[in-house]
Amino acid sequence: MLNAITITQYHDRVLQHQSWPVLLYQESDPLWLAIDKNHFFNCSLWKEEDQARRKNVPDSEIAANKRAIDSFNQQRNDAVEIIDEVLLMQYTNIAPASDSWTNSETPGGIIDRLSILSLKIHHMAIQAHRDDADDNHRNACQLKLAKLQEQRTDISICFDRFIIGIANGTAHFKIYRQFKMYNDPKTNPYLYATIPSCAQR
């Protein structure tokens, strides 16, 4: 059964790779392929978000970062939905009890949060041990790191409880599509306004 410790250990292992973002999963399991892709795109987003805050480069480079952020964010959300679709298929033979509870967040959504937390923990740990920073900075980051680790522990417990509930029919979930309208030229008014209508052609 999928569990939080396996997921978080995998997230952390990816971040120890010297050339991250990197896709490490080599097998054909669709669930783990989607988990891997979700983490990959979160890692890619992290780097682009950092670079987008630069003030010593031409605006064109920041614009390129912003466009990459949009693309990676869409693919990150697509991977979350695939995780949920695969899990629903795995538990399709388990009928939820009449009093089963619906979680406000899907398993894929929680895995996404764990992925982002692994990134925060990884980078806060770097800050907490910086040789070129003063003690106040390192101590403040050490306190933040402890809070992030506590948060990941709590979310991991919630995830495992949820998965067990799905498996025994006491919990269930639905897939809630993200519908990122700003990425769709048919729904973003600043994009579809520039596309000639059929009457104009």
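The model is predicted, so local features need pLDDT of at least 70 and side-chain atom pairs count only at pLDDT 80 or more, whereas totals for chains, interfaces and linings use all residues. Residues are numbered from 1 along each chain as its sequence is written, and side-chain values use heavy atoms, with hydrogens and water left out.

The protein has 201 residues, of which 39% count as buried. Its C-alpha atoms fill a box of roughly 65 × 60 × 30 Å, taken along the principal axes. The secondary structure consists of six helices and two strands; these are DSSP runs numbered from the N terminus, a helix being a run of H or I of at least four residues and a strand a run of E of at least two. Along the sequence the elements follow the pattern α-α-α-β-α-α-β-α.

Helix 4 spans residues 107-128, a total of 22 residues. From its first C-alpha to its last it reaches 31 Å, close to the 32 Å expected at 1.5 Å a residue, where the expected span is 1.5 Å times one less than the number of residues. Helix 4 is mostly covered, with 16 of its 22 residues buried. Helix 2 (residues 30-51) packs with helix 4 at an angle of about 45 degrees, and their axes are 10 Å apart. This angle makes helix 2 oblique to helix 4. Axes are lines fitted to C-alpha atoms, for helices over the stretch in contact, and angles run from 0 to 180 degrees between N-to-C directions. Angles under 35 degrees count as roughly parallel, over 145 as roughly antiparallel, 65 to 115 as roughly perpendicular, and the rest as oblique. The crossing of helix 2 past helix 4 is right-handed, a term used if the near helix is turned clockwise from the far one by less than a right angle, and left-handed if anticlockwise.

Side chains of opposite charge can pair when their charged atoms come close. Seven salt bridges are found in a search of the whole structure, each being a side-chain nitrogen of Lys or Arg within 4 Å of a carboxyl oxygen of Asp or Glu. One of them joins arginine 152 to aspartate 12, at 3.0 Å from N to O. Arginine 152 lies in helix 5 (residues 135-168) and aspartate 12 in helix 1 (residues 4-16), so this pair ties together parts that are 140 residues apart in sequence. Arginine 152 is buried, at 14% relative accessible area, while aspartate 12 is partly exposed at 27%.

Glutamate 49 and arginine 53 form another salt bridge, their closest N and O atoms being 2.4 Å apart. Here glutamate 49 is partly exposed at 28% relative accessibility, and arginine 53 is exposed at 53%. A salt bridge also links glutamate 105 and arginine 113, at 3.0 Å from N to O. Glutamate 105 is partly exposed, with a relative accessible area of 23%, and arginine 113 is partly exposed at 34%.

The structure holds zero disulfides, a disulfide being a pair of cysteine sulfur atoms within 2.5 Å. The sulfur of cysteine 141 has its closest cysteine sulfur in cysteine 43, 20 Å away, which is too far for a bond. Cysteine 141 is buried, at 5% relative accessibility, whereas cysteine 158 is partly exposed, at 44%.

How values were computed
Buried means under 20% relative accessible area, exposed over 50%, partly exposed in between (1.4 Å probe, protein chains only).
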